[in-house]
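Here is a friendly briefing to read alongside the sequence and the 3D view.

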Amino acid sequence: MAYNSKGGLPFESASKLGHLYLMNSEWINSLVKDFEAHYASPSSTVISNWIEFNGNPHNSIDQIWVVDGSYVPVQSDAMPPKEVAFVKTAILNISETSLKSIDKYNPHPMDLQKVMKDSALFHSTVLPLRNIKSSRGTNFETVRNIIFESIKVDEKGEYFETLKWLSYQKWLDTPTNSPFFNCPYCEMELEFTVNSDEMHCINSTCNKELYLTDMIGFHLDMTEEKATDGIASAYMTIMEHLMLFTIIRLYWNRGDKTQFNKTLFIKDGPLSLNSQYVKLVPRIRDFLQFAKEKGVLINIIGQEKTGKFVDHLSTIARYVKPLDRNEKLHYHVLTHAYVESEVQDKPSTINYGKRSNWGEKVFVKVDPVTQLVINVPTGDYLDSKNAPLPNELINLEAILNILPNLVSRRFSGGLYPIELANGIASLSSYPSAKILQQLLNE
Ligand SMILES: [Zn+2]
């Protein structure tokens, strides 16, 4: 997803309310006053938790892998309109030295090409959403089969192997069965036996052929006849995870694991999966914990560019250090209690992020004008209100040390590797939506 180029803070236009006669109401007057006052002075707890970071002049990280994706729903002009969604994801390898050689204000296209040459992997597919007739089956069956085949065939099955690796915990000496899931047809609770690609539903009256990709839960985002573009968004997020963990798996399977010390993995967006897709979250946490216990620290961050955390940071950043160029980078690792009291707008019965997140939230202020929201994993979820502590985040120091070198000068709070990945994963850069639409009309 692209960086938001809009500057400024939300509610800056609040004073325009002054033109309305409603301002005669005392209630509204006090409301407006309070909320302006709130911005003038955030409570001390909000700004007192920031820590000064003493960087190390030597960076251990010199390789970066960054993953990003995009999708676009396209409708034909026919009646009823046919609708499909195109999905594209990419993972890009960049060396830190090659990034240094690029002008971060006005990058030269040839320099960019050099950085990206032979170092990106792409994946794409098309999912029917509605009014596409297939002689082979319903829309529901078509989508299930396209998802299975797209993941299974690409890169000679490496992404599919990663799905198996996560599902069956293949880093263990004794891998396990898959997470439980419900049959897309009869809803019976099932699991795949270790290492299998397909199975038949064990409910004898159903007995449908099922794929490992069904375990992920895409079928819950569609009916027999149609799917929403939510399925394209979910497919994109799952593929971003599979591409990222394909590189991690291939590194892991090498004898020498020291490569992990020198590598930073970056995902555009939060380190989380939502609703039915959370099934892979405990698997990812278990692997990172397993690696941590073996002394292998895997440097991973996600960057959030929109949403509640970005909004919250934008209201407080101007009150925290660094306020001038001579001051050092400052950061704040958010505890679950902080998220619940300061960021979330609804109370929660479980600790924040327990079901869906595999990274914790960190605010970073790099210099007086650059602030960002990143996610960093801990391995196992730390199930307490006052967790996590900064030293519980995997290799936070090495990450904070490299971060200033990755900051973009084109978008406030942008990371240069993500900008590059946006460029190659964006669907606007390859067949335009108009051409896609014409294909649909044929
Ligand atoms: Zn069944």
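**Overall make-up**

The protein has 13 helices and 13 strands, where helices (H or I, at least four residues) and strands (E, at least two) are DSSP runs numbered from the N terminus. This is a predicted model, in which local features need pLDDT of at least 70, side-chain atom pairs count only at pLDDT 80 or more, and totals for chains, interfaces and linings use all residues. Residues are numbered from 1 along each chain as its sequence is written, and side-chain values use heavy atoms, with hydrogens and water left out.

- Of the 442 residues in the protein, 50% are buried; buried means under 20% relative accessible area, exposed over 50%, and partly exposed in between (1.4 Å probe, protein chains only).
- Taking contacts between residues at least 6 apart in sequence, 74% join residues at least 24 apart; contact means heavy atoms within 4.5 Å.

**The sheet**

- An open, mixed sheet is formed by nine strands in the order E1-E11-E12-E13-E10-E9-E2-E3-E4, with two strands counted as paired if DSSP finds at least two bridges between them.
- Its edge strands are E1 (51–52) and E4 (120–130), each pairing on one side only.
- E1 and E11 (residues 330–333) run antiparallel and are joined by two bridges; Ile51 has Tyr331 as its bridge partner in E11.
- Helix H11 (residues 396–406) lies across several strands, including E2 (63–75) and E13 (370–376), and runs at about 140 degrees to E13. Axes are lines fitted to C-alpha atoms, for helices over the stretch in contact, and angles run from 0 to 180 degrees between N-to-C directions.

**Where H6 meets H7**

- The axes of H6 (residues 158–167) and H7 (residues 230–252) come within 8 Å and cross at roughly 80 degrees.
- H6 is therefore roughly perpendicular to H7; angles of 65 to 115 degrees count as roughly perpendicular, under 35 as roughly parallel, over 145 as roughly antiparallel and the rest as oblique.
- Residues making this contact include Trp165 and Leu166 of H6 and Phe245 and Arg249 of H7.
- Thr246 lies in H7 and counts as buried because its relative accessibility is 4%.
- Beyond its neighbours within four places in sequence, Thr246 is in contact with Glu158, Tyr159 and Thr162.

**Cysteines**

- Zero disulfides turn up in a search of the whole structure, a disulfide being a pair of cysteine sulfur atoms within 2.5 Å.
- Cys186 is partly exposed, at a relative accessible area of 27%, whereas Cys201 is buried, at 3% relative accessibility.
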